[in-house]
Structures are given as structure tokens and as C-alpha cells.
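Please prepare a briefing on the structure shown below.

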Amino acid sequence: MNLLESIIERAKADKQRIVLPEGTEERTLRAADLILSNGIADIILLGDEQSIKESTKKMGLNNIDKATIVNPKEHTKKKEYTDLLVEIRKNKGMTFEKASSLVEDPLYLACLMIKNGDADGEIAGAQNTTGDVLRPALQIIKTLPGVKVVSGAFIMFTQTPQYGENGILLFADCAVMPNPNAEELASIAVSSAKTMQSLVNVEPRIAMLSFSTKGSADHEMVDKVREATDLAKKMDSNLLIDGELQADAALVPSVGSSKAPGSLIAGKANVLVFPSLESGNIGYKLVQRLGNAQAVGPVLQGMAAPVNDLSRGCSVEDIYNMVAITANQAIGLKKN
């Protein structure tokens, strides 16, 4: 929890403009009120201003007047954003008529605001599916140069301080890519390193996980992890990364030194990159439930600007924390 507190403090020290497309949703409004009260970010709410004011009055919220409220149906930059969308998507057949309709969709409008430099990050998903949140983000904001895929990471706060970074680890991909190929897996590793650096503020030590350690098994799935490890090193020569490693070899010093002698990562990993979404999703949920760990995320990574997806069952606290995390991602991207 000290990490979340430090993430919040970093957000306060360099306030970012975070747009919340689901601006009339109750949990979103309650979280926005707390964020504005505590000075964590500058909030942009999308929605009808009168509806938002009526809702906040009923809920007894006192800080929403500090937010910028933009009505997707009518605002001063509507034509500017329409022209921008046409320019971005003209090769895909985007017309002015279609674009003028799409800019009234809060999820598209939020991404256009980021692309235009009017916001620094976005959080949505309390009312919308992951697909609906990601679609306009991939069309408008797109991925970072050299990054092939968007992936989802979880920060795991475990009860085992002997592992990771005093019990804190980053797991990826647990949310987006079902079966990444070697190039995509390498991209996930590079993105995960940046997420670990920007959020946990420590040097990432990345283990590329498999059911094999350094040739203990031969299989095409193992070959994929080996190739991904080599590609990741070429993508970023400064990465501290090794693979293929079994989970125990990645985490436990005695096992790491036995199975992978001489490895700089074995037994010391704080970032675990899983070979598939299936293994990553199962892995984080097992650690969360059986190990009584707190899983914060998914933090979407690889985007040119931070866009994060919420669970539709999210709490006010979840939204509050994700705003701080999104702000930290924006700060990190600007530094890089």
C-alpha cells in the first residue's frame, strides 16, 4: 500500500489532465469528487452538464465544480475534432458525416481530446466493455513506435516480501492478447518494463516464463519464449531480461542458481511475462485468491498515451487508484 501512496503523491506533484468519458456514472462521479478534493489530477468529465450537476447535488458531492465538463453533443471544438478524426481515418474511408457522428460518442471524443493535446490520459469501462474502450483508442491514439501490441498488466501486492520487489511484482499479459507470437511477446516484455519503471519506480528485472528452464524441455511453445527473449533484447539493449525460465527459477534464488547458473534474473525477477493470456490470467487469479494478494489493474500498456480499462464491477476506490496510475503513466511517457 505504500506503493499506491507513492503513486498518488507523484500524481499530485505533477497533475495530469485525465478524461472520464462515463461522466454521468455514479461511481465515476464519486471518484472524481475525491480526486479533485485531494488534488490528484485535473478531471475532464464527458456528459450533459445539467445532468451531472443534478446528480452531484443528489449525491452531496462538493468538488465536481472544479472539473471541466464537456458535452459530447455540443462543444466549441466539435468541428476541430471531427476534422482530426477524418484526417486520422481517411485511408479507412472515414467521411465527415460519419466522423461528426462518432465525435458525439464519449469514448471517441476522449481519445480525440488526447490526440489533440487537450488531455493526457483516459479511464473508462465502468459502463462499457473492454472492446468498446479499446477500439477508438487503437484507431486514434494507436501504439507507441515499435510496439506491436497493447497488453494488460497487473501489479500484484503479495504477502511474500522475499519475492519480487519486497513482495510487489508485475504480471503480463493477463488481459488482452490470447496467444501472442514471439514478436508480440517481446513487445509485451518491453512494455511491461516501462510500466514497472513508471509505476513502481524500480529497475525492472524481467523473466520470460515457460514450463522449461534453459533447455530443460524442447517444444515449439518453449522456442517461442526463447525467440521472444532474444527479440526483446534487440528491441531494448538495456533490458534486464532472461528466459526461458520456470516460475520457481524466476522467483526463488536457490532454485534460480541451480537451474540457471549465472543468470542475472533467475531468482530475482520482479516482472513475470507469461507465454499466453491463458496462463497469465490463470496465474494472477491464483496468486490473488490463494495467496491473498491484491491485484491492481489491468493497466493497459503499449499505447502512445495512457488509456485504461475498468471492470464494470469496479468500485469508487478502483477508479480513484486507476486515475493516479494513469497520471503516472502519462508522466512517464512525457519523460521518455
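In the protein, the mean position of the 36 positive charges and that of the 41 negative charges are 2 Å apart. Lys and Arg count here as positive and Asp and Glu as negative, while His and the chain ends are not counted; each charge is placed at NZ of Lys, CZ of Arg, CG of Asp or CD of Glu. This is a predicted model, in which local features need pLDDT of at least 70 and side-chain atom pairs count only at pLDDT 80 or more, whereas totals for chains, interfaces and linings use all residues. Residues are numbered from 1 along each chain as its sequence is written, and side-chain values use heavy atoms, with hydrogens and water left out.

**Overall form**

- The protein contains 13 helices and eleven strands, where helices (H or I, at least four residues) and strands (E, at least two) are DSSP runs numbered from the N terminus.
- Its radius of gyration is 21 Å, close to the 20 Å that the globule rule gives for 336 residues, so the protein is as compact as a globular protein of that length. The radius is taken over C-alpha atoms, and the globule rule is 2.2 Å times the number of residues to the power 0.38.
- The C-alpha trace spans about 65 × 45 × 30 Å along the principal axes of the protein.

**Burial, surface and contacts**

- Of the 336 residues in the protein, 55% are buried; buried means under 20% relative accessible area, exposed over 50%, and partly exposed in between (1.4 Å probe, protein chains only).
- The accessible surface of the protein is about 14900 Å², and carbon and sulfur atoms contribute 48% of it. Areas come from the Shrake-Rupley method with a 1.4 Å probe, and for residues only the protein chains shown count as cover.
- Among contacts in the protein with a separation of 6 or more, 73% are between residues 24 or more positions apart, a contact being heavy atoms within 4.5 Å.

**Backbone geometry**

- A cis peptide bond runs from A172 to D173, with omega near -15 degrees. D173 belongs to the loop between strand 6 (168-172) and helix 8 (182-200).
- The peptide bond from G297 to P298 is also cis, and its omega is near 5 degrees. P298 is located in strand 10 (residues 294-301).
- K142 has a positive phi, near 65 degrees, although it is a residue other than glycine. K142 sits in the loop between helix 7 (130-141) and strand 5 (151-157) and is partly exposed, at a relative accessible area of 38%.
- N201, likewise a residue other than glycine, has a positive phi near 65 degrees. The loop that holds N201 lies between helix 8 and strand 7 (205-209).

**Aromatic pairs**

- The structure holds two aromatic pairs. Rings of Phe, Tyr and Trp (its six-membered ring) pair if their centres lie within 6.5 Å; planes under 30 degrees apart count as stacked, over 60 as edge-to-face and the rest as tilted.
- One of the pairs is stacked and joins F154 to Y284, at 3.9 Å centre to centre with 15 degrees between the planes.
- This pair links distant parts of the chain, with F154 in strand 5 and Y284 in helix 12 (residues 277-290), 130 residues apart. F154 and Y284 are both buried.

**Surroundings of L36**

- L36 is placed in helix 2 (residues 26-38) and counts as buried at 9% relative accessibility.
- Leaving aside neighbours within four places in sequence, L36 is in contact with A41, I43, N63, I64, K66 and A67.
- L36 and A67 are 31 residues apart along the chain, and their C-alpha atoms are separated by 7.4 Å.
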